[in-house]
Amino acid sequence: MKVVKVLINTSVKSLNKVYDYLVPITLEDKVEIGKRVEVSFGRKNEEGIIVKLYEETKEDLNSRKYKLKEITNILDEISYIDEKKLKLAKYISYIYFCNVYDALKLMLPPGTSSKKSNKSLNTKQDIYVKVIKSEYEITQEIESGVIKSGNHIRLLKFLLENDNVLINDLIDGLGISRSVINTVKKNGYIEFIKKDKKVDLLKNIKVERTYKLNPTNEQKVVIDSISKDIDIGKYKQILIHGVTGSGKTEVYLQLIEKVLSKNKTVIVLVPEISLTYQTVVRFVSRFGNNIAILHSKMTIAQRKEEYKRIKNNEVDIVIGARSAIFAPLDNIGLVIIDEEHDSSYYSSTTPKYSTKDIASYICKQNDAILVLGSATPEVTTYYKAKNGQIDLYEMKNRPGVSVLPEVELVDMKEERLFGNKSIFSNLLKDEIRKNIERNEQTMIFLNRRGYSSYLKCNDCSYIFKCNNCDVAMTYHKSNNLLLCHYCMQAIKNVDTCPMCGSQNISSST
């Protein structure tokens, strides 16, 4: 008889282990590693995931000290958890101090993490109508007068010739009301079959097919070198440090083409959802619809559909934000993390994790290449690259005649010494005036919370900082409060400098 080891969905650390359950004969053909099940646990039913499946004889079962309970129900049609994903979940649990089940939730389609959420998964479904009585029975009942209604007869005759028809097509095409269809169903002639709607996220993306460009000398060095690593087929981590506009995306596209030629798959991560669309457009123009998209702004139905496409090996490229690293993709040959310095690659919710660490583990599992790209790499990544722990490729120039814009820093302390007390430097004011005279536009970015990013003593230049975090505290004018946005320490009614005792205190505005 089949026995499964089930990991229970619980936040209790002491229960973070597997339990044996017997598989009833009616569910034997449906059990599979990675599927969620409903089991009796304690005094109530709980959700769990099958992590192991094996056979036991009746003698083995009878020799146990306790009688095994049976699985109550199987909650999933498809398993998205395989042996590699189980090992990854154990790694996350060990490194980030969380329960294994919490880690496994990351690898399930959004909305499938609990029994209650199952209903939300099926909110967008197509309803098909199917005849369940034979043509002979229906014909006999029509001829004998058992079925009298003209609409009922018309509906049944149509369905005998066209089985499995969308209910909306019957309503619109035949002009038959939903109440008529429901009555025929109630009388036992037909049944409703629900199927998840097919969602094509790429159908509205209209792009012209593009082909690989002739690379610049810098691009060619990067492409040729990493292509050799792809041919070797061993894990390697690489940083591409390329200035903005240096053509990193073209490098990515040509490396992906190389990986696809070896019948392997690719994950491409971008930090922001807003970047996902423009990245998808570039990739669709090069690779067509061989792409799945995953990010949090998609509906549950859309993400579920994309997970199915990935699981069924219908696509070779997955593009998305942080969570796309857990996509159920097989035979991964390349993972690309664009703008690798971005803080969004660190999860702030439980389980907290670094996407780059997870990507590194997955690439090691698959003997794949991990490419990190950025114009301003994270300090730790750049340090590793400079010290030879990972490979480093520099792309310092833009293709063609385009050049980097000039950047000039202005010390606002000097501006204030010369009487400029505004938030704009004199140089910036002059440049804005010139733009206006040339009928050109100016963009000014303001990125902060609170009324002012800091409070400062105008006499000794002391800046009020958090004692815990050693960062400038943000001033909130509405409640006269200094607040640290890291540890939430607060100081009220600041009017005196702790260094010099001056009351000549002003905000950054």
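This is a predicted model: local features need pLDDT of at least 70, side-chain atom pairs count only at pLDDT 80 or more; totals for chains, interfaces and linings use all residues.
Biologist: Fine. Why is Asp 470 called exposed?

Modeller: Its relative accessible area is 55%, and the cut-off is over 50%, so Asp 470 counts as exposed. Asp 470 sits in the loop between β16 (455-457) and β17 (474-476). Helices (H or I, at least four residues) and strands (E, at least two) are DSSP runs, numbered from the N terminus.

Biologist: What makes the phi of Asp 470 worth a remark?

Modeller: Phi there is near 60°, a positive value in a residue other than glycine. Most residues other than glycine have a negative phi, and most peptide bonds are trans. Asp 367 has a positive phi too, about 50°, and is not a glycine either. You'll find Asp 367 in the loop between α13 and β14. At 34% relative accessibility, Asp 367 is partly exposed.

Biologist: And which kind of peptide bond runs from Thr 350 to Pro 351?

Modeller: A cis one, with omega near -5°. Pro 351 belongs to the loop between β13 and α13 (355-366).

Biologist: How do you know that Ser 374 counts as buried?

Modeller: Ser 374 has 0% relative accessibility, and buried is under 20%, so Ser 374 qualifies. Ser 374 lies in strand β14. A polar atom of the Ser 374 side chain is 2.9 Å from the backbone nitrogen of Thr 376. Contact means heavy atoms within 4.5 Å; leaving aside neighbours within four places in sequence, Ser 374 is in contact with residues including Ile 240, Lys 248 and His 341.

Biologist: What order do the strands of the open sheet have?

Modeller: The order is β11-β12-β10-β13-β14-β9-β15, 7 strands with parallel pairing. Two strands pair if DSSP finds at least two bridges between them.

Biologist: What makes β11 and β15 edge strands?

Modeller: β11 (291-294) and β15 (391-395) each pair on one side only. The twist averages 15° from one strand to the next.

Biologist: How do you know that β10 and β13 pair?

Modeller: There are 5 bridges between β10 (residues 265-269) and β13 (residues 332-338), and at least two are needed, so they pair. Val 268 stands opposite Ile 336 in β13.

Biologist: Why are α9 and α10 described as roughly parallel?

Modeller: Their axes cross at roughly 25°, and angles under 35 degrees count as roughly parallel, over 145 as roughly antiparallel, 65 to 115 as roughly perpendicular and the rest as oblique. So α9 and α10 are roughly parallel to each other. The axes (lines fitted to C-alpha atoms, for helices over the stretch in contact, with angles from 0 to 180 degrees between N-to-C directions) come within 10 Å. The contact involves residues including Val 222 and Ile 226 of α9, and Val 251 and Leu 255 of α10.

Technical notes
Residues are numbered from 1 along each chain as its sequence is written. Side-chain values use heavy atoms; hydrogens and water are left out. Buried means under 20% relative accessible area, exposed over 50%, partly exposed in between (1.4 Å probe, protein chains only). A polar contact is a pair of N or O atoms within 3.5 Å; within protein, one must be able to donate a hydrogen and the other to accept it, and residues adjacent in sequence count only if both atoms are side-chain atoms.
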